[in-house]
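The stops below are given in the order in which to select them.

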Amino acid sequence: MYIRVMEKITEKILLEKSSPKTNKLEQIKILNLSRMGLKSEDLPVPLLSKLCSLEQLDLSGNMLQEIPKGLHLPSLKILNCSNNDLEDVVSLEALRNIEELRLEDNLYLTVNDEHKVIFLLPKLRMFNGKDISSTAHHIRHGSTEILGKRVIGVWERSFSLPDPITAQSLAAVEKRFIAACAQIKYGPNSLSEYTKWRVEMIAKEYLKSLTCSEEEEGGKVTDTTPTKENETRAERKTRDLGGNSITSPQKRTRNNSEVAAEASPRKSSRLASAAPVEASPRKSTRVTSTPQKAGPIMSSPRKHTRMTNAGTPEGSPRKSSRLENAGKTESPRKAAKSVISTPTSRPAKDENLRKTAKDQTTSQQSKPKTAKTENNTPRKTASAKLKVPQEPVSLQPVHVLQCHSRQDSPEDFSTQLWACAFEPPRECSGGSRTVATCGGETLCVIDCESGHVLKKYKVPGEEFFSIAWSTVLMSRTGGSGRPCNILAAGGKRGLVKLIHPRVNLAFGEFRASRRAISIMRFSPRSASFLFTGTYENKIFLWDIGGLDRDYNFKISKLLVLETGSTPLHLSLPPSSPDTHLLSGCDDGLYIFNTELSKNTQKRNEEMEIVFPVYKKKDKKNTYRTIDGLSFLSDDIVASKSHMQGSIYLWSWRATRASWNGRKKEVAAVVLAELQWSSTDIPYLSLSTCPGYGYVVCGDEQGRLWMYHITDTMMENFKSGKTISATEVLEWPSPVRAGMGALEGPSINSIAMDPELHYLVALTDKNMAVVWKRESR
């Protein structure tokens, strides 16, 4: 167990833990600060820099994320930073006299960081207890020489110094040069991050040497425009697209083609001159039969597989797609870059991008009003208070990414993207800027701020349908468990892939079904509990347990829930996630009791929730396909049926309270009905942001219907009246160079981070759109 210091490191503590014993900091040679629960901010740089004679420092078993900047220990030769939370090693560069270094059991460090630290510390000869002399010589000299020649080759083939040389023109050349050099390949894929890091460093040094030569010859650089270090995202995006690449930061690989969003002032209709791209398979009809086997099951022992920009983990077996016209899978290749031209911003409050309630009513006058046929529907005023901001948010599109392409082809506009989910916030930060997306044979982890694909994971022959995040504990040597965010992904093969994106590791898999996995959800209360809905018409509850330091885990099957049709959405009541599960299925919405104290492992539904739209049943449609389901608060649920043309808000508590325990069917206590598109395309799911009171659902034209649900609105809901959207965001109409604008596709899935800084919308045409909240 850690001993957490109650005060920062003081001179007294340093003297107590030093050797030999002395009363002067300048005379300390050995210092042991291990297992004190120290974080980076607990290390006082001015005080520690007085240790001018320090030769050995032990910082093992703490919680350091980095070595503080500015730390100067000129005599330090031996450093032990094992069993910490180090995320980066560049901060060690200041300790250039280190000869022996230990970094074992730092969960977030990779082989790329090992190469970086060997390069940065020129005197390092022992690393993690091993002699690295020969390896270090190759890293510091051999590979550097090879990369240097390739960088020079890129310059001589395609670049020259600007004339005249100004700070602005030189900065533009440097950006394009670095972007071009980023395409240099050397060594295995597992070291691609280190290669990009070194290439960028070499490119900057080479360009600096050229400009120094120009200055010596009299060509002085004129500082007419200051270099933009704090430039806007729009400026950076325009420049990056001009260079056809983007410089990757540390600890990231990027293998996507970015389609930047156009800010067209008028987007009231889809463009007639849209790009002649491959037609997307539309979801005009539902699949009523369970897909058949695509191939025999392949045995696949669990292996540790590093995620790379084109990494191909072990093969895994079978199963079928949710759609009739799913795209064919192909072998992965290098990412093809799209050449895009795009404006840089969208008017924040352009009236052409918003529709008022009056506009929506006018535009859909022909739509049948469900409320007129629902006079007997139970309705009530919401009892739960929605403590959310009263002012609506304003979003603008900042990135359109095409990162799930078959064979990484920029011409692929047919791969369907099915699910997205934001990474759980670290500690108590509240928001998150990292989102995972899945579609086709690819899973991507994206930084919403920069628009870069941080990680990319491919399984040839797979088609991923669902993903889910959870924060589980990983045991650590001699200390308490370390929380880490893991990602589960599943699809047509019926296998659940377990991935730790932070360290680029696909650490395991298990078979959840003989058929395809349609949906997955982790329990918010029991972090290791994973629900998987399958095309067997069953939901399984698994316990994956915790992880040991070698990523070993143990799978236990806890429950089997019989659904009778394919589960499409799973939702757990925020107030009782351990006792009940809501499942939106292909033929209705069912409630299951999931209490593990009960003896029965295999269970049927406890009740079925029925909705007023069911009364419109005809020969063509039963309106029972629940293709949208999410909690807006502890009590309020948002759900919709295929072809309903609206979204219901209903009370979970009031509906359950009306159940008498005998009859299976229970009428939903509807609180409100939200007007939505009258499309006949299924599986366009909705999403909610409880903290800001938002319900959002995309439609068949790439639009986002935004509903800001506040206390005032809930109090003013009137029985039988359909509520219009607060705002309808139009499709941003991205443009590819020489191809024209891309028409609005169907929005299959939406995710928002808890603080609604970002919204991500996935389409049926291989495009992921990132929207960002504008500051007021």
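In which strand is the place of S630? Select S630: its place is in strand 28. Helices (H or I, at least four residues) and strands (E, at least two) are DSSP runs, numbered from the N terminus.

This is a predicted model, in which local features need pLDDT of at least 70 and side-chain atom pairs count only at pLDDT 80 or more, while totals for chains, interfaces and linings use all residues. Residues are numbered from 1 along each chain as its sequence is written, and side-chain values use heavy atoms, with hydrogens and water left out.

**Strand 28**

Stay on S630, which counts as buried at 15% relative accessibility; buried means under 20% relative accessible area, exposed over 50%, partly exposed in between (1.4 Å probe, protein chains only). Not counting residues up to four places away in sequence, S630 touches S571, V637, A638, L686 and T688, where contact means heavy atoms within 4.5 Å.

Next, select D627, also in strand 28 (residues 626-631). D627 is buried, with a relative accessible area of 0%. Show the side chain of K640, which a polar contact of 2.9 Å joins to that of D627. Beyond four places in sequence, the contacts of D627 include H569, H642, P682 and Y683.

**Helix 6**

Move to T195 in helix 6 (residues 192-216). T195 counts as buried, at 5% relative accessibility. Its side chain reaches the backbone oxygen of Y186 at 3.3 Å. Leaving aside neighbours within four places in sequence, T195 is in contact with L147, I184 and Y186.

**Helices 4 and 5**

Finally, select helix 4 (residues 133-158) and helix 5 (residues 167-181), whose axes come within 10 Å and cross at roughly 125°. Axes are lines fitted to C-alpha atoms, for helices over the stretch in contact, and angles run from 0 to 180 degrees between N-to-C directions. At the contact, V151, V154 and W155 in helix 4 meet V173, F177, A180 and C181 in helix 5.

How values were computed:
A polar contact is a pair of N or O atoms within 3.5 Å; within protein, one must be able to donate a hydrogen and the other to accept it, and residues adjacent in sequence count only if both atoms are side-chain atoms.
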